[in-house]
Amino acid sequence: MSSEDCVETHSDFDYHDCDTVTFSSSDNVLFNLHRTNLRITAGIFPGPEFDDSGEVIPLQESGDVLSAVFQFVYPERHPKLQMSFEFDFIAEVAEAAEKYQIFTAIDACEARFE
């Protein structure tokens with residue numbers, strides 16, 4: 001997939017330095033994330049299958065779900081998964097957090113389900 005196929009780059013994840021990995025959501029939103037942050041906060045990223053050559057890596061989740069999960073990758077105040085969010089959305093966030101092993105997001109989802 002090339003970046004031209006995507007509709008937009010998420011404004012909260014639009015980094016362009018040399019340490020970024022670009023992901024695309026199922027609804028064609030790009031996320032440029034710092035490899036170092038992923039290495040520290042996510043158990044699965046970035047593995048050897050994630051190339052540095054500028055290729056866009058497609059993910060199966062929607063842009064809204066990835067945005068919620070990727071907020072836990074950066075050293076800032078993490079979002080609260082509010083009661084106003086639909087249960088199905090929180091379940092999708094929890095599933096993605098588990099899939100990509102973003103443990104702080106998993107903890108937030110578990111707290112929300114209690």
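Buried residues account for 44% of the 114 residues in the protein chain, where buried means under 20% relative accessible area, exposed means over 50%, and partly exposed is anything in between (1.4 Å probe, protein chains only). Keep in mind that this is a predicted model: local features need pLDDT of at least 70, side-chain atom pairs count only at pLDDT 80 or more, and totals for chains, interfaces and linings use all residues. Residues are numbered from 1 along each chain as its sequence is written, and side-chain values use heavy atoms, with hydrogens and water left out.

**The overall layout**

- The protein chain has 4 helices and 4 strands; helices (H or I, at least four residues) and strands (E, at least two) are DSSP runs, numbered from the N terminus.
- Read from the N terminus, the order of elements is β-β-β-α-β-α-α-α.
- Take the contacts between residues at least 6 apart in sequence: 57% of them join residues at least 24 apart, with contact meaning heavy atoms within 4.5 Å.

- T9 sits in strand β1 (residues 8-14) and is partly exposed, at 30% relative accessible area.
- Although T9 and L30 are 21 residues apart in sequence, their C-alpha atoms are 4.4 Å apart in space.
- R35 belongs to helix α1 (residues 35-41), and with a relative accessible area of 9% this residue is buried.
- R35 and T20 are 15 residues apart along the chain, and 5.3 Å separates their C-alpha atoms.

- Helix α2 is mostly covered, with 7 of its 8 residues buried.
- The buried residues in α2 are G63, V65, L66, S67, A68, V69 and F70.
- One of these, A68, is 26 residues from A94 in sequence, and the two are 9.8 Å apart in space, C-alpha to C-alpha.
- A94 lies in helix α3 and is itself buried, at 18% relative accessible area.
- Setting aside neighbours within four places in sequence, A94 is in contact with C109 and F113.

- Side chains of opposite charge can pair when their charged atoms come close.
- There is 1 salt bridge in the count, a salt bridge being a side-chain nitrogen of Lys or Arg within 4 Å of a carboxyl oxygen of Asp or Glu.
- The partners are K99 and E61, whose closest N and O atoms are 3.1 Å apart.
- This pair links distant parts of the chain, 38 residues apart: K99 is in helix α3 (residues 87-99), while E61 is in the loop between β4 (56-58) and α2 (63-70).
- K99 is partly exposed, with a relative accessible area of 35%, whereas E61 is buried, at 13%.
- Over on the surface, E86, D88, E92 and E95 gather in a patch of negative charge.
- Patches are made of residues with over 30% relative accessible area and no salt bridge, joining like charges within 9 Å and nonpolar side chains (Val, Leu, Ile, Met, Phe, Trp, Tyr) within 5 Å.
- For charges, Lys and Arg count as positive and Asp and Glu as negative, with His and the chain ends not counted; the place of a charge is taken as NZ of Lys, CZ of Arg, CG of Asp or CD of Glu.

- Most residues other than glycine have a negative phi.
- N28 is not a glycine, yet has a positive phi of about 65°.
- N28 sits in the loop between β2 (20-24) and β3 (29-34) and is partly exposed, with a relative accessible area of 24%.
- Q101 also has a positive phi, near 55°, and is a residue other than glycine.
- Q101 is in the loop between α3 and α4 (103-113), and at 31% relative accessible area Q101 is partly exposed.

Conventions:
Accessible areas come from the Shrake-Rupley method with a 1.4 Å probe; for residues, only the protein chains shown count as cover.
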